[in-house]
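Please work through the following exercises with the sequence and the model at hand. Each task is followed by a solution in steps.

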Amino acid sequence: MAAAARLALRGRPQSTPNPSVGAIIVKHGRVIARGWTQAGGRPHAEAMALEAAGARAQGATLYVTLEPCAHCSERGPACADLIAASGLARVVVGLGDPDPRTAGEGMARIRQAGIAAEALDHTPSRASLAGYLLRRTQDRPHVTLKLATSLDGQIALADGTSRWITGEAARAHVHSRRALADAILVGGGTWRADNPRLDVRLAGLEDRSPERWVLTRGSPPEGARAIASPAGTTAIDGALYLYVEGGAQTAAAFLAADLVDRLELYRAPIVIGAGRAAISDIGLTDLAAAHGRWACVERRQLGEDMFEAYARRR
């Protein structure tokens, strides 16, 4: 199941507005087929895996990160029906689907076909579906805030000079993270000062550049769309994943609104001293309230820089 959750990343964000799901079929202890949600949302992961398995699916076990869909579509059959007719012996689901068209019905249909089926509350599967779950339950995207700082938390010299805080490996990693987002956002000040490209510049992934957005109360700048406040993320056209890059006031606005779900921090081994801080005032008045809110979920070295990711505890 953990492998299926990792496999699901292959479909993100091209599967939007559908969730990116991973599926693996196992028989006699060996993986015989894999699938993940394809561009535009079809075929679904289960359909892809079953097609790859063919007759070998007979008596096998399917591991899939999200409950198989139970609703009909002009774009393809319901996955629950495909599974019911597949000859599979067992289905293990990472998470139930909150979509009312499927919720519980997918599992019921599979069991009615005589196939053993169990639904877990699998943490990696839940994490891989974070954007879909938030859009379904709160009508907003999953928000990642990215910060690149010195060891003392600065993002620029006092005069605003900021290129480059981190090294080449860290910057390439940022582009890989952009490629997983539907939309990318900076503040109006950053847009006016830097005119950032906000695209993906990794060979083979250029077509995954996210849609550009700016946090501003003014008119949308040329080449981007705008929201006036973090609460406006609900209007970002069904996006499941939003990547926020800066600057300090924009970072503070999202943190103060408690709309950051994942914090990604790149730290360069430099000390700036009197410079420009990564985050401006977020309205914190009690230090105790700052504790217990973030959990480190990833840490790695990128050249000379350190990358850390923190998930918001809710």
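This is a predicted model: local features need pLDDT of at least 70, side-chain atom pairs count only at pLDDT 80 or more; totals for chains, interfaces and linings use all residues.

**Exercise 1. Determine the order of the strands in the open sheet, and state which strands stand at the edges.**

Step 1. The open sheet is formed by five strands, arranged in the order 2-1-3-4-5 with mixed pairing.

Step 2. Strand 2 (30-36) and strand 5 (116-119) each have a single partner strand, so one side of each is left without a neighbour in the sheet; these two strands stand at the edges.

Step 3. On average, and with direction ignored, neighbouring strands of this sheet are turned by 15 degrees against each other.

**Exercise 2. Describe how strand 3 is joined to strand 4.**

Step 1. Strand 3 (residues 61-64) and strand 4 (residues 90-93) run parallel and are joined by four bridges.

Step 2. Within this pair, Val91 in strand 4 stands opposite Leu62.

**Exercise 3. Locate helix 2 and helix 4 relative to the strands.**

Step 1. Helix 2 (residues 45-53) lies across strand 1 (22-27), strand 2 and strand 3, and runs at about 140 degrees to strand 2.

Step 2. Helix 4 (residues 105-112) lies across strand 4 and strand 5, at about 160 degrees to strand 5.

Step 3. The buried residues of helix 2 are Ala45, Glu46, Ala47, Ala49, Leu50 and Ala53; they pack against strand 1, strand 2, strand 3 and helix 3 (79-84).

Step 4. After helix 2 comes Gly54, with a positive phi near 60 degrees.

**Exercise 4. Decide whether Glu46 counts as buried or exposed, and identify its contacts.**

Step 1. Glu46 is found in helix 2, and an unreviewed UniProt entry lists Glu46 under "active site".

Step 2. The cut-off for a buried residue is under 20% relative accessible area. Glu46 has 5% relative accessibility and therefore counts as buried.

Step 3. With neighbours within four places in sequence left aside, Glu46 is in contact with Ala23, Leu62, Val64, Leu66, Glu67, Pro68, Cys69, Cys79 and Ile83.

**Exercise 5. Identify the residues that touch the most other members of the largest nonpolar core, and the element that supplies its largest share.**

Step 1. This core has 30 residues, of which Ile25, Leu62, Val64, Ile83, Leu88, Val91 and Ile110 touch the most other members.

Step 2. Among the elements that each supply at least two residues of this core are strand 1, helix 3 and helix 6 (130-138). The largest share, four residues, comes from helix 2.

Step 3. Ile110, leaving aside its neighbours within four places in sequence, is in contact with Pro68, Ala80, Ile83, Val91, Ile115 and Ala117.

Step 4. A second, separate core of 21 residues includes Trp213, Ala239, Ala251 and Tyr310.

Note on methods:
Residues are numbered from 1 along each chain as its sequence is written. Side-chain values use heavy atoms; hydrogens and water are left out. Two strands pair if DSSP finds at least two bridges between them. Axes are lines fitted to C-alpha atoms, for helices over the stretch in contact, and angles run from 0 to 180 degrees between N-to-C directions. Contact means heavy atoms within 4.5 Å. Buried means under 20% relative accessible area, exposed over 50%, partly exposed in between (1.4 Å probe, protein chains only). UniProt positions are given in the numbering used here, feature names are shortened, and annotations may be inferred rather than shown by experiment. A nonpolar core is a set of buried Ala, Val, Leu, Ile, Met, Phe, Trp, Tyr and Cys residues joined through side-chain atoms within 4.5 Å.
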